[in-house]
Amino acid sequence: METIQAYNERNISGIKEEDINISITGTVVKREDNGFVIDDGSQSLKVLMENSVKDNDYVRIFGKIVRSNEGLVLYGDALQDLSKIDKF
């Protein structure tokens, strides 16, 4: 039986070396052909994912973090639109 790993909620600046499955909540700051860039107030992070987000959408992304020569990239598994909730 396969073990399911939980997604750890993180700030982008707080991503740990041992993190694999994480969730990030923030604002879409730039759309790209194969994903978008999200900013959570601590840093920005590239997300690779098929989606229909727009600039300034407030979202939570669940995915797998990958470290590359270009830095951290999040391969998105699921997206939750939080644009209609109150932000503090």
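1. Is Phe 62 buried, partly exposed or exposed? Phe 62 counts as partly exposed, because its relative accessibility is 22%, where buried means under 20% relative accessible area, exposed over 50% and partly exposed in between (1.4 Å probe, protein chains only). This is a predicted model, in which local features need pLDDT of at least 70 and side-chain atom pairs count only at pLDDT 80 or more, while totals for chains, interfaces and linings use all residues. Residues are numbered from 1 along each chain as its sequence is written, and side-chain values use heavy atoms, with hydrogens and water left out.

2. A search of the whole structure finds 1 aromatic pair (ring centres of Phe, Tyr or Trp, the latter by its six-membered ring, within 6.5 Å; planes under 30 degrees apart are stacked, over 60 edge-to-face, the rest tilted). The rings of Tyr 7 and Phe 62 have centres 5.4 Å apart and planes at 75°, so the pair is edge-to-face. Because Tyr 7 lies in the segment before strand E1 (8-9) and Phe 62 in strand E5 (residues 58-68), the pair ties together parts 55 residues apart in sequence; strands are DSSP runs (E, at least two residues), numbered from the N terminus. Tyr 7 is partly exposed, at 32% relative accessibility.

3. Gln 43, in the loop between strand E3 (35-39) and strand E4 (44-48), is partly exposed, with a relative accessible area of 42%. Not counting residues up to four places away in sequence, Gln 43 touches Ile 12, Ser 13 and Ile 38, contact meaning heavy atoms within 4.5 Å.

Conventions. Helices (H or I, at least four residues) and strands (E, at least two) are DSSP runs, numbered from the N terminus.
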